[in-house]
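Trainee: Could you take a close look at one part of this model with me, the place where the two chains meet? I would like the cut-offs behind each term as well, please.

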Amino acid sequence: MHTIVCLKQVVDPELPPWDFGIDPATKRQVRTGKPLVISTYDENALELALQLKERVGGKVTALTIGPAGEVKDAVRLALAMGADEAVVVDDADAPLALAADKAQVLAAAIGRLGSFDLVLTGCESADWVERAVAPFLAEALEAACVTFVTRAEVREGGLTVRRTSDEGFHVVDVRLPAVLSVTSDESLRPRLPKVKDIMGAMRKPVQTWTRAELGAAAGATGVEVREVAVPQRTTKCEFIEGDPAQQAEALVSRLRALKII
Amino acid sequence: MPGIFIVATALEGSLGRSGLELVGGARTLARPLDLEVSAAVLGHGAHLADAVDELHAHGVGKVYRCDHPALTAGQSEAVLAAVDPLVGRERPDIVLVSADTVGREVAPRLAYRHRAALATEVTALDVDGTVILARRQVYAGRAIATLAITSRPAVIAVKPRALDVPERAPVRGTVEEVSANIPSELRLQVREIHSERAEVSLDDAAVVVGGGRGIGGPEGFKLLAELARVLGGAVGASRPPADEGWVPITWQIGQTGKSIRPNLYLAVGISGAAQHVAGVSGARTIVAINKDPEAPIFSLAHFGLVGDYRQIVPALIARLKDAAGT
């Protein structure tokens with residue numbers, strides 16, 4: 001089975017609030033000098049791809065779009081975790097792109113890679129949170145689509161997956177080829193590569209293509225980012241002191257006085 | 001007739017709150033853009049008639065009713081197959097979809113097929129001239145982006161519970177039966193449906209008790225459940241407990257999980273990561289209980305209790321029980 005995992009590199013979403021800022025020129029998060037990581041759920045998608053490969057064999061290809069120099073570390077980490085090869089679509093403007101545009105580039109790159117059985121993405125990106133790349137890709141690649149997947153088992157002709165729903169979860173049979181977006185689950189904790197894996201990753205093939213080579217010109221998406229604003233919070237916290245019994249007493253009194261309970 | 005087209009799914013019951021929220025969104029756009037509102041209601045069974053009535057009662061005149069046995073819970077491919085030709089035939093300017101389990105799979109695919117502009121996870125809608133302004137949270141809720149949707153058609157996927165349910169505004173509506181050409185062999189087939197709904201739903205609870213990594217394990221959530229029970233509320237969690245499997249993922253509150261709007265939110269052992277804060281900023285009063293006085297949650301909270309939740313929560317339960325008894 002050939003699984004392609006789409007990885008996005010983002011500014012570390014765990015940065016403290018005071019390290020977060022919007023660049024007024026690009027209307028995106030300030031990236032300069034900030035640590036870059038693989039977007040949260042993309043690592044879970046890679047972990048799922050590696051687990052499926054361990055069970056049924058095949059190959060895992062990591063695919064990313066970004067400024068080639070910048071995404072090197074993300075690609076090397078994916079290879080060290082166990083991806084067999086990687087493809088980078090070199091695009092300096094990628095951090096500004098929206099899902100519709102990104103999916104078009106990813107689809108073109110997957111087309112050039114040739115055959116695939118499964119494409120995995122994170123369920124959302126840690127920056128723009130559109131949750132749209134997987135369904136877009138499914139259309140472009142004429143594949144089935146399931147989002148927010150936490151588990152997947154290979155069965156005859158396809159997969160049986162667990163999809164997180166609004167109320168719980170669904171068990172879904174899906175035919176291949178398919179595009180799945182993956183969310184986090186206790187079974188999908190990203191593995192930590194060992195030193196020998198990190199060394200081995202240096203020898204794995206990385207291809208770099210440009211967006212122009214793929215013939216994926218930036219198309220009009222009909223959506224412009226007009227403004228990105230950081231809401232100002234003005235809440236002042238009233239700390240309630242004392243031992244636990246006193247704290248409980250005071251809190252309940254305050255909430256009752258305010259008619260909150 | 002071009003206009004605003006609501007994709008209203010009634011896959012497991014009546015229209016529900018999120019369907020009516022789309023009507024609210026449509027009304028916001030309809031007047032300034034001078035567009036009429038119609039809706040497709042998709043599902044199977046008797047409850048479809050109730051869904052149609054609800055749409056008429058809330059001011060949607062023209063309703064296309066699509067009844068097909070494949071249009072049941074979770075069947076996003078069937079919904080897409082049913083709604084796609086209808087959008088092709090009616091050629092609406094704007095298609096509104098709820099960004100629920102099915103909608104988030106359908107909306108981008110519909111946009112792709114009809115070369116439409118797409119905005120997803122939208123939490124507010126507005127109009128500036130002929131441009132639609134769609135707001136949404138970005139960067140784990142740390143910022144709000146305003147998207148200007150300049151082209152038509154446009155598909156807009158609205159985050160459930162973000163928009164208000166509109167007032168009733170009954171109209172004498174019309175219904176057109178639409179036959180769906182759904183392939184008998186779908187590439188996606190929902191085999192089992194599991195509900196992890198708690199006794200009191202997070203969506204509607206007036207009081208929510210949320211636990212974070214600081215709870216330390218699944219055992220601690222029993223204590224939180226006891227507190228929630230005394231308060232008549234629901235239990236939720238930030239991302240780490242859901243990731244760790246201490247609680248069902250449906251309990252997760254935050255950017256990736258649910259957005260809640262209770263009167264009172266008690267954040268217990270929650271540090272206050274942006275991902276979580278994104279889902280609780282609609283709470284009217286926030287109480288934070290955390291042993292770390294520097295935890296970012298205190299900058300959001302109205303009341304702060306610094307200490308060990310294992311001592312504070314039982315004291316709170318006891319005090320509340322006393323108060324109830326007096």
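Mentor: Happy to; what follows starts at the interface and then turns to some local features.

This is a predicted model, in which local features need pLDDT of at least 70 and side-chain atom pairs count only at pLDDT 80 or more, while totals for chains, interfaces and linings use all residues. Residues are numbered from 1 along each chain as its sequence is written, chains are lettered from A and ligands numbered from 1 in the order in which they are written, and side-chain values use heavy atoms, with hydrogens and water left out.

On confidence, the predictor gives the complex an ipTM of 0.94 and a pTM of 0.93.

Now to the interface. Chain A brings 81 residues to the contact and chain B brings 82, where contact means heavy atoms within 4.5 Å. Together the two chains bury about 7,300 Å², with 54% of that on carbon and sulfur atoms; buried area is the accessible area (1.4 Å probe) that two parts lose on being put together, summed over both. Of the area that chain A buries against chain B, 9% comes from A:Glu139, A:Glu167 and A:Arg226, more than from any other three residues.

One of those three, A:Glu139, also has a charged partner: its side chain meets that of B:Arg109 in a salt bridge, at 2.8 Å from N to O. The rule asks for a side-chain nitrogen of Lys or Arg within 4 Å of a carboxyl oxygen of Asp or Glu, and it finds 9 salt bridges across this interface. Polar contacts link 44 residue pairs between the chains, both residues being at pLDDT 80 or more. Such a contact is a pair of N or O atoms within 3.5 Å; within protein, one must be able to donate a hydrogen and the other to accept it, and residues adjacent in sequence count only if both atoms are side-chain atoms.

On the side of chain A that touches chain B, helix 6 (residues 244-257) gives the most, with 10 residues. Helices (H or I, at least four residues) and strands (E, at least two) are DSSP runs, numbered from the N terminus.

Strands take part as well. Strand 11 (residues 168-175) of chain A pairs with strand 11 (residues 188-195) of chain B in the antiparallel sense, over 7 bridges; pairing requires that DSSP finds at least two bridges between two strands. Within this pairing, A:Val171 has B:Glu192 as its bridge partner.

The bond joining A:Leu176 to A:Pro177 is a cis peptide bond, with omega about 0°. Chain B has a cis peptide bond from B:Arg152 to B:Pro153, with omega near -5°, and B:Pro153 lies in the loop between strand 8 (143-149) and strand 9 (154-158). Most residues other than glycine have a negative phi, and most peptide bonds are trans. B:Asp34 has a positive phi, near 55°, and is placed in the loop between helix 1 (16-33) and strand 2 (36-43) of chain B.

Finally, over all chains the salt-bridge count comes to 43. Among them is A:Glu54 with A:Arg191, at 2.6 Å from N to O. This pair links distant parts of the chain, 137 residues apart: A:Glu54 is in helix 1 (residues 40-56), and A:Arg191 is in the loop between strand 12 (178-182) and helix 5 (195-201) of chain A.
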